[in-house]
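Work through the exercises below with the sequence and the coordinates open beside you.

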Amino acid sequence: MMTSRDFPSFEGAVQPRHELDVLPYFNRRSQPVVPIRSIGVEHKPELFAHFLALGEEDRYLRFGSVASDAQICAYVNRIDFERDEVFGVFNRKLELVAVAHIAVSCAPEKSCQAEFGVSVLPAGRGKGIGTRLFQRAAMFARNRGIQAMTMQCLTQNTAMMGIARRAGMEVHVAGSETEAYLEVPHQSLLSHLDEWVENATGQLDFVIKLGLHRPHPA
Ligand SMILES: CC(C)(COP(=O)(O)OP(=O)(O)OC[C@H]1O[C@@H](n2cnc3c(N)ncnc32)[C@H](O)[C@@H]1OP(=O)(O)O)[C@@H](O)C(=O)NCCC(=O)NCCS
């Protein structure tokens, strides 16, 4: 389900009611501070550990089927780190507690779209991490000139439906499956400044945790 690269055409796609619904600003105090870092191919071991830690129900919600360990490993190995973007949230032990995969598709003569897939380990849920990862993904798309964000999830996935609706996505329910679509606003100087701040926060957090994690010489 999450690998679909179709380009559904949505009639009457709407802009989010307010830009701030999807795009956080560093001076927006109501947002929880979640240090989000871009994840490169060098973090594959942490990505394997993150996805393999998902239980059966979470695998079903994330991948649309109860993916086996082998299927999960194949999925991670298929991620194109050059074309796509992967964002992660590390805990103090440098484990990935949350991962967002933004799969970018550009068809000839058509605009580009970014499909959002996300998972947060159970201990990290309900703290706004999933929402912030969606906002980070929308910021990424905006600053790369990608016109739309898409998302597919099971209709029973109340947490994901909440994220989509709050972001102002146009939600299309088709039985047990739901597709959501959001036109991303044009980039601006401020959106690039926001992204710079987000990247710096994520990198600083990672470097501090790396320092804490390394054993100190006796
Ligand atoms: C979906 C998921 C990413 C949400 O992550 P999260 O960090 O808990 O999300 P947030 O804290 O930002 O909460 C998002 C919304 O879900 C609600 N929520 C969080 N945990 C919930 C739970 N256990 N049950 C019901 N609602 C829940 C929040 O209240 C919030 O609702 P609101 O928008 O009305 O305020 C996470 O539950 C998960 O990884 N699920 C398994 C994988 C999955 O479903 N992936 C999505 C497929 S694309």
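The model is a predicted one.

**Exercise 1. Determine how many helices and strands the chain has and in which pattern they follow one another.**

Step 1. Counting the runs gives six helices and seven strands.

Step 2. Of the contacts in the chain with a separation of 6 or more, 68% are accounted for by residues 24 or more positions apart, and buried residues make up 32% of the 218 residues.

**Exercise 2. Decide over which residues the pLDDT is below 50, and how that stretch should be read.**

Step 1. The average pLDDT of the chain is 86, and 84% of the residues score at least 70.

Step 2. The stretch with a pLDDT below 50 covers residues 1–17, although in the model it has 29 contacts beyond near neighbours in sequence.

Step 3. Where pLDDT is low, the predicted coordinates should not be read in detail.

**Exercise 3. Identify which residues of α1 are buried, and explain on which side of the helix they lie.**

Step 1. The buried residues of α1 are Leu 47, His 50 and Phe 51.

Step 2. Around the axis these residues cover an arc of only 90°, which puts them on the same side of α1.

Step 3. An α-helix has 3.6 residues a turn, so residues three or four places apart point the same way.

Step 4. Pro 45 and Ala 49, on the other side of α1, are exposed, whereas the buried residues of this helix pack against α3 (69–78) and β3.

Step 5. Phe 48 also lies in α1, and it counts as partly exposed because it has 17 C-beta neighbours inside 10 Å, where 20 or more would be needed for a buried residue.

Step 6. Not counting residues up to four places away in sequence, Phe 48 touches Cys 73 and Val 76; the C-alpha atoms of Phe 48 and Val 76 are 6.9 Å apart, while the two residues are 28 apart in sequence.

**Exercise 4. Find which members of the largest nonpolar core touch the most other members, and which element gives the largest share.**

Step 1. The core has 41 residues, and those that touch the most other members are Phe 116, Leu 133, Ala 137 and Met 149.

Step 2. The elements giving two or more residues to this core are α1 (44–52), β2 (85–90), β3 (96–106), β4, α4, β5, α5 and β7 (177–183).

Step 3. The largest share, eight residues, comes from α4.

Step 4. Taking Leu 133 as the example, one finds that it touches Ile 36, Phe 87, Ala 98, Ala 100 and Val 118, if residues up to four places away in sequence are not counted.

**Exercise 5. Describe the shell around the ligand, by residue, by element and by class.**

Step 1. The ligand is surrounded by 23 residues, of which Leu 61, Gly 130, Thr 131, Ala 159 and Gly 162 are the closest.

Step 2. Two or more residues of the shell are given by each of α2 (56–63), β4 (112–120), α4 (129–143), β5 (148–154) and α5 (158–166), and the largest share, six residues, comes from α5.

Step 3. Sorted by class, the shell has nine nonpolar, nine polar and five charged residues.

Notes. Residues numbered from 1 in each chain as written. Predicted model: local features only at pLDDT ≥ 70, side-chain atom pairs only at ≥ 80, totals over all residues. Near = placed C-beta within 6 Å. Helix = DSSP H or I, 4+ residues; strand = E, 2+ residues; numbered from the N terminus. Nonpolar A, V, L, I, M, F, W, Y, C, P; charged D, E, K, R; others polar. Core = buried A, V, L, I, M, F, W, Y, C linked by C-beta atoms within 7 Å. Buried ≥ 20, exposed ≤ 12 C-beta atoms within 10 Å, placed from the backbone. Contact = placed C-beta atoms within 7 Å. pLDDT = per-residue confidence, 0-100. Arc of directions from axis to C-beta.
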